[in-house]
Amino acid sequence: MGVAINNINYKNGYDFNKYLSSHVLDIEQNIDMHQEYLMKGITATNNVAVEIDTFKMFTRSGGELLDALNLSGYLDRNKLNEISKLCVGEHELTKGFKKQKNKIYRSIVDADGDEVEVKLKDIKRGWYKDELGNRVAFNVKQVKESSHLTMKVGTEIVLTQDATFSFAIAGMNPQDRYDAEQIIQDTAMEVYDNIFKDMLHDKYFNKGKTGVFLFYHNDSRNPLSPSSHVHMVIPNVIQLADGTIRAVEMPEMRDKNFHDMIDMQYKSRLIQRWNERFKDLPVEAYDKDRQRITSPTQEVKDFRVAYDEESLRKIHDQSVADELINKYIKYQKDDMRGVVDSKLKIVDQEIVELTKKLSFEDKLPTGTLISHGEDNYFFDAKNTKSYYVKLSVRKPDGKEKEQIYWGVDLKRAIESSKSNIGDLVVLEKSKSDPKNPKEKSTFNISVDHKNMEILNSIDDLEVKMARINKKYSNQIAYMGTTKHRNKVWKVIKERKKGGSIINKTIENKKIHEALAPKIAVDPGIGMKEKKFLEIIETLTSTTPYINKNALVYEIAKSSPVGFNAQKMADELIAKSLESELLVATGTLSKTQTAYTTWELINKEYENIELMKKLHNTEQKYKIYNVKKEIDLVEDKPEYKDKGIKSNKEQIEMIESVFSDRKGQICIGLPGTGKSLSIKICTEIAHKHGFRTIGCAFTNKVSTALDDETLCDVVKTVDKLLHDIESGKLKLNGNDIVFVDEASQIGTRQYNKLLNAVVDAKAKIVLIGDPNQINSINTGNTLNEFLRDSEIRDNVVFLTDIRRQKNETALTVAETSSLKEVYKDEATFRRVKKEGSHVEKVFTLLEQAGCVHNKFITNTETIEAISKAYINNVNDYKDKLLIAATNESIDRINDKIQDRRIELGQVVGKPYIAEDSKFFYKGDRIVMEKNTKEYKNGDFGTITNIDPTTNKITIEFDNSKTKTFDNPKKIKLSYGITAEKAQGLTTNDTLVYGEASQNVDQERLNVIVTRARFNTHFFATSSEYEAVKDACKRESSKESLIDLRNRLIPKNTTITQQSINEVKPNLVVQNKIEQTNKLTQEVLKNGLSNIKDNTLLNRLEKFRLVDGRPRQHQVFNYKPYMANYKKPPQAILNQITAKAKMINATENRMMNVNDLRVKTIENKKPEISTVMKPTDIYKKKQTMKMTQK
C-alpha cells in the first residue's frame, strides 16, 4: 500500500458537497462495520468517559487559512459547508477569485434519473436528441440553470499502511484503538505541516496561508478486511500577505519519486509513534517476497506488524480475496472504457467531417446571438441611449469569445435580419465616408443558415458525446459502491476454482476474533540501517540519476528519522557535492535537481579503456588453422546428420574467438546462429586445452548456454563475479570467457568482470545484440563499445538470419532487426530514431493476415488470443504468447487455464501455492526463484500432483524431471513477457498488444523474431494505432559517456559560466528591466503611449494592470488608453508597489538559479548545488550554500 495523490476537479454535474458527504457517511460507518466500540471504555486524559462523536474522532482540520476562518480543529457539518464554499468560490473570501467558463449550464433530469445537458435550441423546440439520436421531449419549466464551472478545488492525498496495522487496530481494546486511530490522524497532519505546507505557493512562487482537512476511515468497501486509511484534502486556495487569493501550485506533485518520498516519511513517523505507544505490537520490515528482514542482503519493501507466519497467511488470504474483487472490477471498467471509446470514436469522426464543411468570412465577425437590446452606451448611466448586440464570436482557431457591439443602427439591422436568440449571424459594419469621424456607422446582420445547420449538427454530436461520457461516469461510480463489490464477490465465490480461497476468508463483523493473529516469537528487524554509500549504490543501480526525493525515501526507509529525512538529505547532498562524490547534472523539474556519481561515470569510461586494452593485448595461446578445426567438428555425426554447416559470418566469428587478441565483440541479429557458433568454439577450445566459461545476466540465458554449448563452467554474471571475488573460482591466462546477451549487463558488472579478466590475462568474448532488450541495471556498456570507433572497427557482425522458415517471417525479422543498415552506425541510429521500420513490420503482418484488431474490449481480445493459443496445433513448448505487462499476463494465464480445465486438458486436484495460485496436472509453468534444484526462468510442465503429500512433479524443457515439496515462486507460463522470451526459439508466436510503457523498438524486435513460421498480433480496435506508436519508441537508456562529456567539456581550461545557465539569468534580468521601464512609463504618461503588446501582456500577467473587468481587478487600463487619460495617483502607487514585489521575486529566483561551473584542465568540475526556487523560502542555510 502506498500514497495516492490526485487533483479534485469541479466540473459539470460534479457536486463537491456530495464528495464531502460521502466521506461523512464513511466515517459514520467506522463504528458500525466489522466491530463495535465500547464507548464507555474510551477515556480522555483526565480519565473522564468520552461521548463518541464521529467528527471529533475521525476528522481533523488546520493550517493558517482555516485557523483564520475559525475552521480548524475537527470538522462538523457547518465547517464542511464553509470549506466547500471556500473551495468552489462561493465563500466571501474567494468570491470572484475562482476562474470559470463564461457559459450557463442548463440541464434536466431524464427518465433514468441522470442529469442531461440541454442547449438553448433544445429549450426553444422542447426536445433533445439522446446518444442514439432519438428525440426526447421534456418540460422546459423543469430546466435548471447553473454556472458551467471547470476548476481545481483541491488536492486529495490518501495515506495507507500495510494491512496488518488495520487488523491490529481492529483487535484492540477500545482505549488502544482510540489511541491508534488518533496516532494515524496526527501523523497525517504532520505530513501536511512538515512536507506539503512548505511546497504550497502561487504560480509566481509567492507563499501564503493554506489549509488542510482530513477524514479517517477504518474499513474498505468490501466484506472481507478492515482498511485503516486517511483522506487528506488541501483546498486549492492560498491567501497572500496582501490578502490576494490565488490558486495553489504544487509542481513537486509531478516529480519523480515524489509519491514514494511522501509515503515513506509518513510510515517512518508512524512507526516512531506506534513503537512508543504499542510496545507489545512490534513493527518489522519485509522484502518484495513478503519475507521478514533478517539478512543484510535483503532489501526493505515495506513495514508491518510482526505477526507470526500463520497469522500473516490468514491476513494474506483475506487480502488475496480483496485483490480478486479489485481485479474483477478493473476488468469490467476496462471493458466499459473500450465500448465507450469505440462509440466516441465514431461520433468524433462525424464531428471532424462536419467541421471540414464549415466556411466563415475572415474579416466579418460571425457568432451566436446571445442577446440584444437598448441601453446606455457601455451600460454607463452617464452615457446616452444606444443599442447593443452581444455575440459569441467564433475565432479562426475554433474558440469562441463573447463580444458586445454598440450602434443605434443595430436595432434596425436586428429587426430586418429576423434573427432569433441562438442563431448564427454575420455582422457587417460600414460607413459611406470612412474619413468622417462624425458619421454614424450602419450595420447589416444576416443569418448564416448553412454554417448554423452544420454547427447545430456538431452541437448535437457533442451533446451525444457528453451523454455517453455521463452514463459512463455514473456506471464507473456505481462500480465503486459496496453494493456492486458484494455482487462481484458473489460471482467470484461461484467460480469453479474459487473454493479454496473462499473457504479461507471470513465474512463477519468479528473478523479479528475469527483470525486471532499472534505476534511472532522471533520478529524481523524493524528497520534495516544503510550507510550512505550503500544508499547511493541502491539509487543508482537502475538509473544513473539521483534526486532529493529518492534520497529522502531511502533515508526514511533505513532509519526512524521521520520528517528529519528531508534535512538529512539536504546535508548529505551538500557534503557529497563538496567532496565530489556526487555531481549535479541538470534540473529534472522546477523543484528537483538530478545528481549522479563520479564513480559510475568513471567506471563506464574505464570499461572502454579496459576493452581497448584487451583488444590490444596479444593472446599467447593461438590456433592458426581455425577453419580446419571447424571442418573437423562439423564432420561429427551430430552435426553432419542434421546438415549443420557454418556460413561465412559464423566462420569469421569463430576465428575471431581464437585470434591473437584478448578481447573480442561479436554482434549478431536474432536467429543468426550465435549459440551454435559458441558450441563449436567450446569444442575446438577443449581440444586445444582452453577452459571455457559461459555467463549471462539472467538464469534463463545461462541455463540455455549450459544446455546448448559445452562450456566447462556456466553461471550468471553475478554468481561468476561472486565466485571470483570469494576465491572460489580463479581465472587464468588459458580461460576464454563467453558473455551471452551482452547488452543486458550493466556498467558496474562490466567493470568488475573486465578488471578480473585483465588481471588474470584471460580472454573475453562478448556476444549480443544492442537492438534487443538492454540491461535493467545502470549503463549501456555494449552500445558504448560500439560507438567507439577503435573498438567498432574490430567487431564481427552476424546478419544472415537462419531461424525463420518462411518468406513472411524472414522479411519481418530482417525488417525489425534492421539487417540492411546494421553495420552502418550512423544510418542505424537514424532509422531507429525515425521508426519507419516498425511501421513496415506492422504492414507486413497486416498483409499476411496476422493482425487481429477488430475487438472492442480487452476481454474480447484476451478471449480471442487465448482461444487461438489453445487451438494452435504446436506443442506448448513450441508456441509462445507474449504480453507487455504482468497484469495482462496473469489475466491471460487464468483464462487459458480455465479453458483447459473445461476441455479436460488439465485435470485432477489442484496444487495451491503459498500465494493462493492454482496449478493442475498438465499446466505450463515457469520458476521465478533461484534454488539448488531449479533456476529463475526455467520452463516446464506439471506431470503429476500427489493428492496425499501435495508434492508436485515438473518436467522441465531441458528434459530433466524433478519432484518438489512446496516449490517457491512458481507461476503459470502460457503467457510471458518479452524479457523472458529473449533467447527463445518457437514455431509460432502470439502477441497481446498494449500501449504500455514496457513497449519499445527493442522489445518488438525480440517479440517478432522468436517464431520460425508465424507471428500473430492481437489488439483492441481503439488501441491498435497507439500500440504501433508505442512500438516506435527507442529505449531510453542514458549514455554515461555522453553524460561525462557534458560534465567535462573538451578543451576547457579556464573558469567559465555554463551557457545553459547564463541564459535564464539574462532572461530574468531582462524581465526586471522591462517591469521597471513599464512602471516609469505608466507613472509619467499613463498608458496612452504604450504600444508594445508584449509589455502590456507582462503587466497583465503580474496583475499590474488588467484588461478584463473583474471584481478583484487592479484597474481596467483600456478606457485610459481609449480616452488618453492618466490613471489616478492611487492606482499608479499600487502599480509601483506591485512592480517592486515582482522584481524582488525575480531577483530571488535569479540568485537561486545562478549555477556556476568551474572546470579546470585535468580536474573534475566543481558544481555547486542547484536549489529549487521554493528553497529560498525554506532555509537560510540553503541560501548561504547557493550563494557560496
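Visitor: What makes β16 and β17 paired strands?

Guide: Two strands pair if DSSP finds at least two bridges between them, and seven bridges join strand β16 (residues 385-394) to β17, the two running antiparallel, so β16 and β17 meet that definition. Within this pairing, Leu391 stands opposite Gln403 in β17. The model is a predicted one, in which local features need pLDDT of at least 70 and side-chain atom pairs count only at pLDDT 80 or more, while totals for chains, interfaces and linings use all residues. Residues are numbered from 1 along each chain as its sequence is written, and side-chain values use heavy atoms, with hydrogens and water left out.

Visitor: Why are β17 and β19 called edge strands of the sheet?

Guide: The open sheet has five strands in the order β17-β16-β15-β18-β19, with antiparallel pairing. Both β17 (400-406) and β19 (442-447) have a single partner strand, so one side of each is left without a neighbour in the sheet.

Visitor: Why is α21 called oblique to α22?

Guide: Helix α21 (residues 648-657) and helix α22 (residues 674-687) pack at an angle of about 40°, with their axes 10 Å apart. Angles under 35 degrees count as roughly parallel, over 145 as roughly antiparallel, 65 to 115 as roughly perpendicular and the rest as oblique, which makes α21 oblique to α22.

Visitor: Which residues of α21 meet α22?

Guide: Gln650, Met653, Ile654 and Val657 in α21 are in contact (heavy atoms within 4.5 Å) with residues of α22, among them Leu676 and Ile680.

Methods
Axes fitted to C-alpha atoms, helices over the stretch in contact; angles between N-to-C directions. Helix = DSSP H or I, 4+ residues; strand = E, 2+ residues; numbered from the N terminus.
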